Amino acid sequence: MLNSFGNLATRLSLPCTSLEMEAVEKYLNMQQDPAHCKLRAKRGCATHPRSIAERERRTRISKRLRKLQELVPNMDKQTNTSDMLDLALQYIRELQSQLQKLKQEGSECRCGIN
């Protein structure tokens, strides 16, 4: 029986010296510590695919809002999104009404260009 335990110890390569025992204890403590095993991303660097997709979506929206700010006059950068969209709608309606007036004036024109 004693011989079988010795044989088992060599098969499993159990630690025999105190240094080996310390290394095994250190490894086991490291495995039990949840903070050590859990990897965490740096701030602003999400690792979950949904978080990455959401960040990309927000970035696309921000770029398009900046383009809208460039196109619409009198739109400040401090304007919130809802007000920006309202200003853009008003500006588009003004442009549509100006276009309608120009079309009407063009149809009423009696010059020789027509």
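These questions and answers cover charged side chains in a predicted model.

Guide: Local features here need pLDDT of at least 70 and side-chain atom pairs count only at pLDDT 80 or more, while totals for chains, interfaces and linings use all residues. Residues are numbered from 1 along each chain as its sequence is written, and side-chain values use heavy atoms, with hydrogens and water left out.

Visitor: How many salt bridges does the count come to?
Guide: A salt bridge is a side-chain nitrogen of Lys or Arg within 4 Å of a carboxyl oxygen of Asp or Glu. By this rule the count is 2.

Visitor: How far apart are the closest N and O atoms of Arg 57 and Glu 54?
Guide: Arg 57 and Glu 54 are 3 residues apart in helix H4, about one helical turn; helices are DSSP runs (H or I, at least four residues), numbered from the N terminus. Arg 57 is partly exposed at 36% relative accessibility; buried means under 20% relative accessible area, exposed over 50%, and partly exposed in between (1.4 Å probe, protein chains only). The two residues form a salt bridge, with the closest N and O atoms at 2.6 Å.

Visitor: Which residues do salt bridges with shared partners join into one network?
Guide: Glu 54 and Arg 58 lie 4 residues apart in helix H4, separated by about one helical turn. Their side chains meet in a salt bridge at 3.8 Å, N to O. Through shared partners, the network joins Glu 54, Arg 57 and Arg 58.

Visitor: Is Lys 67 buried or exposed?
Guide: Lys 67 sits in helix H4, residues 49-71. With a relative accessible area of 55%, Lys 67 is exposed.

Methods: Helices (H or I, at least four residues) and strands (E, at least two) are DSSP runs, numbered from the N terminus.
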